[in-house]
Amino acid sequence: MVARVVIAAPGSGSGKTTVATGLMAALRARGHVVAPFKVGPDYIDPGYHTLASGRPGRNLDPVLVGTHRIGPLFRHGATGADIAVVEGVMGLFDGRVGHHVEEGGLGSTAHVAGLLAAPVLLVVDARGQSTSLAALLHGFRSFRPGVRIAGVVLNRVGSDRHEQVLREACGEVGLPVLGAVRRAGEVDVPSRHLGLVPAAEHGTPAVRAVAAMAALIESSVDLDAVVRLARSAGPLDGPVWIAADEVTPVPGRPVVAVAGGPAFTFGYAEHAELLRAAGADVAIVDPLRDERLPPDTAALVLPGGFPEAHAEALSANTPLREEVLTFARAGRPIHAECGGLLYLAKHLDGHPMAGVIDAEATMTPRLLLGYRDAVATAGSVLHTEGTRVTGHEFHRTRLTPAHPSTPAWTWRDHDGTPHGEGFTTGPLHASYLHTHPAGNPQAIAHFVRAAT
């Protein structure tokens with residue numbers, strides 16, 4: 001089985017992305033075939049992982065796809081690789097609030113590390129710490145004995161003396177230091193209201209940032225020790241996830257257009273794989289530049305992304321906006337999530353959009369973030385009425401009205417407050433809810449059938 005290591009941290013902002021992405025690129029430069037993964041629903045970090053490794057960045061999220069699919073999806077993404085680097089999410093034991101498993105929170109980095117029988121390399125922000133680091137490491141190491149924390153990378157180290165004291169602290173608890181990254185070596189990657197700017201938008205500077213991460217990790221981390229650690233992972237037997245085993249193909253190869261380009265970067269690699277397995281020909285359309293849908297388009301997918309950052313340019317592409325509206329009025333299937341929902345509105349921050357949905361979209365200062373256990377309120381091109389899906393909401397925008405009289409989804413908050421959200425009108429399914437297609441492959445099969 002492929003060697004594998006999980007990059008974790010005590011909390012967010014410790015430097016996981018820099019270390020994980022830098023490791024991927026540095027190991028690739030040494031001739032390794034690196035399989036990149038990210039724990040949780042995040043879409044942005046996998047874009048940098050893709051640049052670093054040259055392979056599709058993939059997500060491992062037990063909340064969205066089910067615990068039983070993590071091993072098969074990992075084996076699928078790791079096929080042909082000799083080492084896998086898995087970047088964690090938040091703090092090591094931080095998972096879905098109120099949902100616990102033996103390793104920690106459901107969907108936490110610790111949970112996924114346990115499912116993969118993988119050792120954990122803990123990235124610690126060393127600013128303001130010296131001997132007290134030993135207590136922190138002791139606590140993390142003993143909190144869940146089933147989680148194997150096997151090494152430390154010290155980040156933001158201030159000086160040679162600071163590094164010496166920190167190494168002594170790690171030695172007190174028996175944890176080897178596999179690297180020490182100095183403060184002056186931090187790599188800047190532009191961010192905005194929902195985190196890092198996606199690699200597809202950042203372009204050449206993103207490539208430079210990944211190269212800088214690789215150089216930093218190459219000079220600061222013992223790569224041979226990381227490889228040895230990854231090879232110490234336990235056995236991981238079981239089936240490989242195969243898209244063709246999940247769905248039955250329809251005849252005719254209908255063309256499904258999927259929005260891409262800088263404005264629509266939020267997607268999972270398994271989505272296109274399932275669309276193709278269900279019988280579709282997948283064609284990419286960039287709403288910033290393409291003035292027509294691909295020839296013979298039978299259905300349209302508008303994934304999430306940052307259309308709010310490109311509203312003026314999206315609005316200026318009048319020919320495509322008008323064609324999308326005509327396409328919708330002709331009764332053709334459309335599946336839109338979050339950013340795609342905004343594109344279908346009448347206006348986005350005052351800029352005319354496609355006008356498929358009779359609603360106005362605006363930016364707000366409030367972040368809506370979290371998993372949702374949603375129920376489909378009506379049959380649609382994706383789901384039958386009553387279908388239960390766990391999705392993820394992540395945005396700072398508001399739609400007015402938020403939904404028609406019958407929303408696409410209903411769910412309840414932690415305190416029992418009911419919520420409705422999204423639009424299902426005829427062949428349209430548009431919602432803020434991000435879902436992982438591998439968690440409900442029959443929805444993809446249903447959508448492709450509707451395109452025939």
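In the predicted model, P401 lies in the loop that runs between strands β19 (388-400) and β20 (409-412). The peptide bond joining T400 to P401 is cis, with omega at about -5°.

For R156, phi is near 60°, and the residue belongs to strand β8 (residues 149-157). R156 has a relative accessibility of 11% and is therefore classed as buried, the cut-off being under 20%. For D349, phi is near 50°. This residue is placed in the loop between β16 (347-348) and β17 (351-352), and with a relative accessible area of 36% D349 is partly exposed.

The packing of two helices was also examined. Helix α1 (residues 16-29) and helix α9 (residues 204-220) have axes that come within 7 Å and cross at roughly 85°. The two helices are thus roughly perpendicular to each other. On the α1 side, the contact is formed by T17, T18, V19, T21, G22, L23, A25 and A26, and on the α9 side by V210, M213, A214, L216, I217 and E218. Sorted by class, the contact of α1 with α9 comprises nine nonpolar, four polar and one charged residues.

Seven aromatic pairs are present in the structure. One of them is formed by Y43 and F266, whose ring centres are 4.9 Å apart and whose planes lie at 5°, so the pair is stacked. Distant parts of the chain are linked by this pair, since Y43 and F266 are 223 residues apart. Y43 is located in the loop between β2 (34-39) and α2 (44-53), and F266 in the loop between β12 (255-259) and α11 (269-277).

F264 is in the loop between β12 and α11, whereas Y343 is in helix α14 (residues 339-344), so the pair ties together parts 79 residues apart in sequence. F264 is buried at a relative accessible area of 4%, and Y343 is buried at 0% relative accessibility.

Ring pairs also join Y43, F266, Y268 and F306 into a cluster. Separately, an arginine was found over an aromatic ring: the charged end of R144 is positioned over the ring of F143, 4.3 Å from the ring centre.

Definitions and conventions. Residues numbered from 1 in each chain as written. Predicted model: local features only at pLDDT ≥ 70, side-chain atom pairs only at ≥ 80, totals over all residues. Heavy atoms only, no water. Axes fitted to C-alpha atoms, helices over the stretch in contact; angles between N-to-C directions. Helix = DSSP H or I, 4+ residues; strand = E, 2+ residues; numbered from the N terminus. Parallel < 35°, antiparallel > 145°, perpendicular 65-115°, else oblique. Contact = heavy atoms within 4.5 Å. Nonpolar A, V, L, I, M, F, W, Y, C, P; charged D, E, K, R; others polar. Buried < 20%, exposed > 50% of the residue type's maximum accessible area, 1.4 Å probe, protein only. Phe/Tyr/Trp six-rings, centres within 6.5 Å; stacked < 30°, edge-to-face > 60°. Lys NZ or Arg CZ within 6 Å of the ring centre and 35° of its normal.
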